[in-house]
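Open the model in a viewer and show it as a cartoon. The stops below go from a pair of helices to a sheet and the helices packed on it.

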There are 2 protein chains.
Amino acid sequence: MSSLLRLKQQELNNISIAIDAMGGDKAPKITIRGANLAAKYTKGKVKFLLFGDEAKLKPLLEKCNYLKDCHELIHTPDKITSDDKPSAAMRNRNSSMALAINAVKDKAAIAAISAGNTGALMAISTLALRTLEGISRPALGSVLPSQLKPVVMLDLGANLNSTAQNLYEFAVMGDAFAKVLLGYPKPTIGLLNIGTEEIKGGDEIKAAAELIKANPHLTYKQFVEGNQISQGIVDVVVADGFSGNVALKTAEGTAKLISGFIRKEFKRSFFMKIAALLAYNSMRRLKRKMDPRYYNGAMMLGLNGIVVKSHGGTDKVGFAHAVATAILLANRDINSAIKQELVK
Amino acid sequence: MSSLLRLKQQELNNISIAIDAMGGDKAPKITIRGANLAAKYTKGKVKFLLFGDEAKLKPLLEKCNYLKDCHELIHTPDKITSDDKPSAAMRNRNSSMALAINAVKDKAAIAAISAGNTGALMAISTLALRTLEGISRPALGSVLPSQLKPVVMLDLGANLNSTAQNLYEFAVMGDAFAKVLLGYPKPTIGLLNIGTEEIKGGDEIKAAAELIKANPHLTYKQFVEGNQISQGIVDVVVADGFSGNVALKTAEGTAKLISGFIRKEFKRSFFMKIAALLAYNSMRRLKRKMDPRYYNGAMMLGLNGIVVKSHGGTDKVGFAHAVATAILLANRDINSAIKQELVK
């Protein structure tokens with residue numbers, strides 16, 4: 001079930017969330033429309049704090065009926081662009097991104113969502129919210145499709161290198177993420193490696209396996225190879241940020257390669273056009289199953305506050321899913337779940 | 001064009017190649033049948049040295065007409081299994097794998113092909129053949145499908161970590177591989193990274209980009225992200241062995257996830273069965289385009305001799321492609337091409 005549909009079933013009361021309305025390739029149009037779609041599912045019970053340029057947001061808001069009575073516009077002319085270096089972005093304290101994250105810090109909002117520059121979001125969030133006690137580095141975690149059921153993968157690129165301790169902490173956070181967001185009671189955990197045998201991989205990954213095994217809250221299963229992510233043989237795939245990012249993007253690229261080929265073939269001949277008509281529902285199901293919009297929303301795990309990163313190029317449906325993911329994670333208190341699993 | 005078809009156009013004279021007949025999940029059945037299929041395309045001009053257990057190979061050879069007059073069976077009862085550690089495998093000097101590689105060392109064969117244990121093959125090959133002058137570490141390189149045309153990727157898992165110098169040498173070897181095997185006159189080169197901007201990634205990868213740019217034989221293009229591999233925006237993707245392996249296997253896994261879904265959908269209803277009939281040719285084209293068998297055969301680049309690794313679970317068509325790839329690489333002298341591009 002998608003985050004938006006899960007959201008419908010939640011008890012929501014007096015919640016405020018912060019939206020960086022200016023972040024992303026098609027902001028603020030997509031962010032406002034996405035927030036409006038999320039507001040439809042929350043039925044006015046969630047207040048949307050919209051950070052951005054008033055002159056640009058006001059005309060867009062006029063067409064957004066669901067947001068009408070449940071938003072507050074906080075004007076700021078400053079924004080972070082996709083080219084800004086994280087170090088420069090951190091110095092701009094009046095950007096829509098920084099103000100949205102500050103709202104989480106000040107407890108004015110239970111979560112912040114941004115489709116902007118990932119490096120800047122990571123830097124600003126870490127500076128403002130600090131890492132949870134027992135977590136040395138934050139990680140980017142998200143949900144991916146698999147043959148069996150959705151799987152959680154992290155880190156998707158917040159870090160370049162990871163020590164055994166980092167990987168272990170990612171496992172704790174991924175475990176809590178799978179329990180809270182997907183409702184898996186006892187998620188199985190795997191470490192992304194270049195072979196499944198225990199002798200494979202470097203020292204850090206082998207030591208990480210031992211640390212995970214030693215934590216009674218966690219269910220360590222095995223090393224997993226790239227092709228096993230989509231087989232769903234574990235519920236949580238733990239990776240260093242570099243190879244996790246490569247795996248995520250390679251999966252996206254391969255899915256696009258195949259879907260592009262199918263689209264082309266379906267237009268190729270008269271017979272294929274008929275086949276396309278007959279296969280319409282099936283292809284829609286396939287699209288639905290693989291659609292990155294329904295998996296949109298990666299959490300900056302490990303901070304004192306919830307920050308969700310939306311894909312920069314998504315549309316309103318994708319952005320609404322990121323918003324829904326943030327609300328679900330906050331409402332079900334992911335950070336308490338993480339703290340409980342950190343064995344001292 | 002696949003390696004087998006390219007093979008047909010080659011001038012082949014008095015060539016011998018060495019086959020580890022006992023390596024792979026379905027050896028020796030698949031290796032012998034695969035060699036027989038390759039023999040069909042080489043029309044008796046290539047001699048196949050088959051290393052393995054005579055008692056097992058003889059009955060299989062009786063059914064292999066194309067191999068009949070162009071093979072030599074070299075009996076050895078020893079073989080390397082998939083569970084053998086590389087260090088143990090190296091000590092067995094009478095394994096079919098070691099003897100096949102020794103045939104290359106002794107110039108009795110121009111190349112060796114094995115579908116056996118990758119770690120063992122790498123260790124035995126490196127010990128027997130040693131690295132080329134100017135190459136500090138061998139790398140595993142292969143061809144992958146993309147939207148535009150096939151691309152070369154390396155290292156696919158021979159190494160765990162890579163320095164800037166290693167990555168640079170991989171670029172030289174990948175460039176020669178693309179020129180020799182695919183006939184690309186001036187392959188463009190990209191480094192696999194977590195972002196395309198020049199500030200992205202660690203120090204080693206940034207330094208590698210500078211080294212590649214400084215070599216006049218190479219055409220450096222940019223950092224590439226995982227999703228850009230299958231877009232074909234560069235001809236050669238250079239990666240450290242860990243993330244290269246993850247990318248390769250993740251792409252395979254995603255392709256399987258989607259094709260499994262399509263297969264299931266095509267059996268779902270009466271309409272879908274008709275759609276499947278109408279779409280038969282298209283789906284065959286898709287399968288053909290993505291079929292890992294036609295890309296089978298990864299070279300252990302950087303050694304004084306040609307060793308090609310076949311996927312362990314492939315069938316005779318896949319194994320024949322690995323054999324054809326080895327013959328093409330040897331016949332067109334990939335190692336001289338590499339040496340020419342290594343600027344002192």
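Axes here are lines fitted to C-alpha atoms, for helices over the stretch in contact, and angles between N-to-C directions run from 0 to 180 degrees. The model is a predicted one.

Select helix α12 of chain A, residues 280-290, together with helix α10 of chain B, residues 241-265. Their axes lie 10 Å apart, and the packing angle is about 150°. Angles over 145 degrees count as roughly antiparallel, and α12(A) and α10(B) are therefore roughly antiparallel to each other. The crossing of α12(A) past α10(B) is right-handed.

Now show side chains at this contact. From α12(A), pick Ser282(A), Arg285(A), Leu286(A), Lys289(A) and Met290(A); from α10(B), pick Leu257(B), Ile258(B), Phe261(B), Ile262(B) and Glu265(B). By class, the contact residues of α12(A) and α10(B) are six nonpolar, one polar and three charged.

Move to the open sheet of eleven strands in chain A, which has mixed pairing and the order β3-β2-β1-β4-β11-β10-β5-β6-β9-β7-β8. Select the edges, β3 (71-75) and β8 (219-224) of chain A: each has a single partner strand, so one side of each is left without a neighbour in the sheet. From one strand to the next, the twist averages 25°.

Next, select helix α2 of chain A, residues 29-42, which packs on the sheet and touches β1 (15-20) and β2 (46-52) of chain A. The direction of α2 makes about 175° with that of β2(A).

Within the sheet, zoom in on β6 (residues 151-154) and β9 (residues 236-238) of chain A, parallel strands joined by three bridges. Met153(A) has Val237(A) in β9(A) as its bridge partner.

Finish at helix α6 of chain A, residues 118-129, lying across β4 (111-114), β5 (139-144), β10 (298-301) and β11 (306-309) of chain A. Helix α6 runs at about 180° to β11(A).

Methods. Residues numbered from 1 in each chain as written. Chains lettered and ligands numbered in written order. Predicted model: local features only at pLDDT ≥ 70, side-chain atom pairs only at ≥ 80, totals over all residues. Heavy atoms only, no water. Pairing = 2+ DSSP bridges. Helix = DSSP H or I, 4+ residues; strand = E, 2+ residues; numbered from the N terminus. Contact = heavy atoms within 4.5 Å. Parallel < 35°, antiparallel > 145°, perpendicular 65-115°, else oblique. Left-handed = near helix turned anticlockwise from the far one by under 90°. Nonpolar A, V, L, I, M, F, W, Y, C, P; charged D, E, K, R; others polar.
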